[in-house]
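Subject: Structure handover

Hello,

Here is the structure for you to look over. My notes on it follow.

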Amino acid sequence: MTTGLLVSVVVPYYQRQDQLDRLLAGLDSQELPAGAFEVVVADDGSRVGPTLGRHDFRVVVVRQEDAGFRLSAARNLGAAAASAPVLAFLDQDCIPTPGYLAEMVRAADSPWALVLGHRRHAELGGWSAAMVLDWLSHGGPGPAELPEPGWLLDGYARTADLTAPDPRGYQLVIGAAMTLHAELFARLGGFDESFRSYGGEDWELGHRALVAGADTRWLRDAVVWHDGPDLAGRGADLVSMKNAETLALASRIPDRDLRGENLVWTVPDIVVRLRSSGAGAAVLLASIESLLAGSDAHVWIDDGEAAAAVLSVVNDARIHGGQPPSRILDRARYRVTADPVLLSGTTLRTLSGQAPTATDGLQVSATRDVNRAARGLPSPGGTPWPTEAVVERLRDEPLLERLWQGRAV
């Protein structure tokens with residue numbers, strides 16, 4: 001790390017020199033000393049590379065070839081070239097206000113910090129870098145302000161500025177004005193580079209950060225001005241654009257808002273670790289059938305031979321042997337540990353909304369709580385096991401015909 005360097009500003013760029021000029025002018029106006037930050041411009045294959053001009057802070061360009069829209073890869077490329085312990089991602093169509101970086105650096109005060117700035121909107125077309133400097137540094141006239149998206153403000157109010165747990169808090173993570181500790185960025189593995197069209201990559205990273213137990217926060221007073229309206233105010237084919245984003249996210253984020261309720265996805269909302277305890281295939285199948293019913297869940301049977309016996313008679317993509325891989329654990333919001341049991345009167349989907357909760361043979365936890373507890377942070381108090389939820393240990397082999405068809409012996 002360069003001595004005195006506090007934050008690296010990572011700017012993904014593509015063929016809009018006018019927007020980059022305005023952003024750099026905003027950085028010229030920062031209250032944070034120029035020696036405390038650097039700027040890494042990550043060019044996503046522009047036909048003509050960016051011109052940087054002269055600035056008191058260090059600014060460099062890294063470049064990847066033009067292979068289509070690769071915003072995630074560009075951000076990762078810029079982060080890899082950064083030198084500071086904190087990464088501040090700013091999109092090229094944004095202008096940070098003078099106190100922005102200082103506020104964000106103060107808030108990103110731990111290796112688990114992820115901080116969101118306050119993105120506001122203005123008509124900035126035709127504005128020069130000189131006009132931006134006059135506005136921000138000398139109190140000159142500002143641009144025409146555009147309406148702020150109410151859904152974002154409502155979301156930050158609902159989550160106490162993103163400090164309170166919320167199952168859809170990931171939707172409030174905006175990559176255009178996001179700062180996080182470089183250690184957290186590395187722990188998360190950066191942005192998912194399989195995103196190759198507009199939108200969703202910041203929500204996906206935000207989801208993984210929340211599941212990991214990151215310390216998230218939105219700063220109302222750390223303002224960046226975005227060139228133009230929010231997506232909902234633009235003239236594009238919003239239905240097609242949002243559907244493409246939803247389909248990209250649905251395979252990665254286990255939220256019913258994105259994927260409905262009745263399909264099977266590779267990444268489940270609930271990971272079930274089933275302790276086989278020497279049980280045979282009939283016992284395990286009976287237990288698994290009751291645990292999966294009505295829930296976005298997958299089961300991992302701890303014993304390989306037991307799993308093979310089950311999978312020899314059933315073809316269900318939700319049943320696995322061994323331990324769940326990290327790509328699943330990094331995204332699944334809930335974890336269940338179970339012995340061979342029959343669950344009735346409720347579903348794991350319902351129980352997960354009451355996590356943490358437990359009874360003999362079955363424990364339900366939120367992954368975020370598990371990860372935060374591993375850091376030594378306080379865990380939420382347990383919820384009493386609901387009276388309607390019945391868990392029966394399968395100590396003896398059940399008669400499957402009677403169990404599944406309700407027939408008398």
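**Second largest pocket**

The second largest pocket has a volume of about 410 Å³. Of its 22 lining residues, P165, D166, P167, Y334 and R368 are the closest to its centre. A pocket here is an open set of points on a 1 Å grid over the protein atoms alone, with protein on both sides within 12 Å along at least five of seven lines. Lining residues have an atom within 4 Å of a point. Grid points are joined across faces, edges and corners, and a volume is the space filled by probe spheres set on the points.

Both α7 (201-212) and α14 (367-374) supply at least two residues of this lining. The most comes from α7, with 3 residues. Helices are DSSP runs of H or I with at least four residues, strands are runs of E with at least two, and both are numbered from the N terminus. By class, the lining of this pocket has 11 nonpolar, 7 polar and 4 charged residues. Nonpolar covers Ala, Val, Leu, Ile, Met, Phe, Trp, Tyr, Cys and Pro; charged covers Asp, Glu, Lys and Arg; the others, Gly among them, count as polar.

**Basis**

This is a predicted model: local features need pLDDT of at least 70, side-chain atom pairs count only at pLDDT 80 or more, and totals for chains, interfaces and linings use all residues. Residues are numbered from 1 along each chain as its sequence is written, and side-chain values use heavy atoms, with hydrogens and water left out.

**Cavities**

A cavity is a set of grid points where a 1.4 Å probe fits but cannot get out. There are 2 cavities of 30 Å³ or more.

The largest cavity holds about 70 Å³ of space. Its lining includes D255, R256, R259, D269, D296, R333 and R349. Two elements give two or more residues to that lining: α9 (256-259) and α13 (348-352).

**Helix packing**

α10 (281-292) and α11 (residues 304-311) pack at an angle of about 75°, with their axes 9 Å apart. Axes are lines fitted to C-alpha atoms, for helices over the stretch in contact, and angles run from 0 to 180 degrees between N-to-C directions. The two helices, α10 and α11, are therefore roughly perpendicular (65 to 115 degrees). In α10, A281, L284, L285 and I288 meet A306, A309 and V310 of α11 (contact: heavy atoms within 4.5 Å). This contact of α10 with α11 has 7 nonpolar, no polar and no charged residues.

**Backbone points to check**

Which peptide bond is cis? The one from A355 to P356, with omega near 5°. P356 lies in the loop between α13 and β15 (357-359).

Q15 is not a glycine, yet its phi is positive, near 55°. Q15 sits in the loop between β1 (7-13) and α1 (17-28).

The loop between β10 (270-274) and α10 holds S277. S277 is exposed (over 50%), with a relative accessible area of 58%. Accessibility uses a 1.4 Å probe and protein chains only.

Best wishes

Note on methods. Buried means under 20% relative accessible area, exposed over 50%, partly exposed in between (1.4 Å probe, protein chains only). Angles under 35 degrees count as roughly parallel, over 145 as roughly antiparallel, 65 to 115 as roughly perpendicular and the rest as oblique.
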